[in-house]
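Here are my notes from a walk through this model. Have it open beside you as you read the points.

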Amino acid sequence: MLKNNPLFLALDFPNGEKAIHFLQAHNLHQVPVKVGMELYYQEGPTIISRLKTQGHPIFLDLKLHDIPNTVKKAMRGLASLGVDVVNVHAAGGKEMIKAAQEGLEEGTPDGERKPKLLAVTQLTSTSSQVLKDELLISKNMEETVSHYARLSRDAGADGVVCSVHEADWIHTLCGDDFMTVTPGIRLKGNAFDDQVRIATPEEARKRGADAIVIGRSVTSSLDPTTAYAEAKKEWDDEKRTTNSQSFI
Ligand SMILES: O=C(O)c1cc(=O)[nH]c(=O)n1[C@@H]1O[C@H](COP(=O)(O)O)[C@@H](O)[C@H]1O
């Protein structure tokens with residue numbers, strides 16, 4: 001795996017013991033991981049320091065969405081944890097995204113690298129129908145995601161979270177160095193009905209995503225070691241032109 005194009009394994013486990021045991025039992029030493037709300041809200045910063053000690057690059061996915069002042073102060077604290085990537089909801093608007101970057105800059109200890117800031121455009125579980133009927137967004141998915149991506153770039157985010165289907169044209173719109181991180185990844189034959197805008201690791205690579213996030217296709221597999229290896233094989237490409245920004 002090129003260091004610039006991580007495959008983040010989503011550690012959606014109810015507690016730290018289960019997460020660490022999973023990694024050890026399946027020989028997933030030092031792989032990039034994503035810690036989300038389920039695990040972080042149980043364990044707090046302890047799980048971050050445990051994973052860091054074991055050498056895992058970390059995407060801390062808490063999807064902040066609040067008034068700019070609150071987000072800025074929360075990001076100050078998160079920056080001090082030494083994670084590699086954090087995120088907010090782009091729907092919080094430009095001022096909130098700017099405030100998030102300011103908080104990260106202020107909170108990053110001297111000599112350490114500021115975490116990359118991503119903004120979630122539209123969740124991969126959201127369908128075009130939900131966008132229209134429940135969220136009352138009258139633009140279609142393509143226009144909405146494009147708008148949120150441009151807004152995030154203009155506000156100073158390092159990239160966005162989007163689906164694979166949007167990664168290539170976000171690069172066209174926002175530049176090749178604007179990062180696209182794509183969850184909703186499924187290995188062939190898997191199906192989980194809560195995700196809508198899904199794709200395989202191979203499709204993600206072909207559409208130029210900079211990083212992928214994969215969870216249950218590996219963690220709920222009967223053979224997680226093989227499932228992880230399969231995802232990584234599909235995703236890896238030594239010939240790929242890498243983003244000049246580096247995640248980890
Ligand atoms: O920000 C995220 O990581 C995220 C954004 C998004 O639009 N969709 C999405 O699924 N995610 C996260 O990515 C992971 C996907 O997990 P699986 O559906 O099990 O592969 C979960 O931890 C989600 O919280």
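1. Let me start with L39, which sits in helix α2 (helices are DSSP runs of H or I with at least four residues, strands are E runs of at least two, both numbered from the N terminus). L39 is buried, since 25 other C-beta atoms lie within 10 Å. Burial here goes by C-beta atoms placed from the backbone: 20 or more others within 10 Å of a residue's own is buried, 12 or fewer is exposed, and in between is partly exposed. A contact means C-beta atoms, placed from the backbone, within 7 Å.

2. Some ground rules before going on. Keep in mind that this is a predicted model, so local features need pLDDT of at least 70 and side-chain atom pairs count only at pLDDT 80 or more, while totals for chains, interfaces and linings use all residues. Numbering runs from 1 along each chain as its sequence is written.

3. I47, I48 and L51 are its buried residues. Viewed down the axis of α3, they fall within an arc of 100°, so they line one face of the helix; the arc is taken over the directions from the helix axis to the C-beta atoms. T46, S49 and T53 are exposed on the other side of α3. The buried residues pack against α1 (16-25), β2 (33-35), α2 (37-43) and β3. Just past the end of α3, G55 has a positive phi of about 90°.

4. On to the core. The largest nonpolar core counts 67 residues, and A100, L118, A119, V160, I212 and I214 have the most contacts inside it. Such a core is a set of buried Ala, Val, Leu, Ile, Met, Phe, Trp, Tyr and Cys residues joined through C-beta atoms within 7 Å. Helix α5 (residues 94-107) supplies the largest share of this core, five residues. I214 touches L7, L9, A10, I185 and A231, not counting residues up to four places away in sequence.

5. Now the ligand. Of the 21 residues around it, L123, T124, P183, G215 and R216 come nearest (the cut-off is a C-beta atom, placed from the backbone, within 6 Å). Two or more residues of this shell come from each of β3 (58-64), β8 (211-214) and α10 (216-219). The shell divides into nine nonpolar, seven polar and five charged residues.

6. An unreviewed UniProt entry places "active site" at D61, K63 and D66; such annotations may be inferred rather than shown by experiment. K63 is in strand β3, whereas D66 lies in the loop between β3 and α4 (68-79). K63 counts as partly exposed because it has 16 C-beta neighbours inside 10 Å, and D66 is partly exposed with 16 such neighbours. Beyond four places in sequence, K63 is in contact with N87, V88, H89 and V120.

7. Finally, D176, in the loop between α8 (164-174) and β7 (179-182). Buried or partly exposed? D176 counts as partly exposed, with 15 C-beta neighbours inside 10 Å. D176 touches H171 and N243, leaving out residues up to four places away in sequence. The C-alpha atoms of D176 and G208 are separated by 9.2 Å, at 32 residues apart along the chain.

Methods:
Ala, Val, Leu, Ile, Met, Phe, Trp, Tyr, Cys and Pro count as nonpolar, Asp, Glu, Lys and Arg as charged, and the others, Gly among them, as polar. Two residues are in contact if their C-beta atoms, placed from the backbone, lie within 7 Å.
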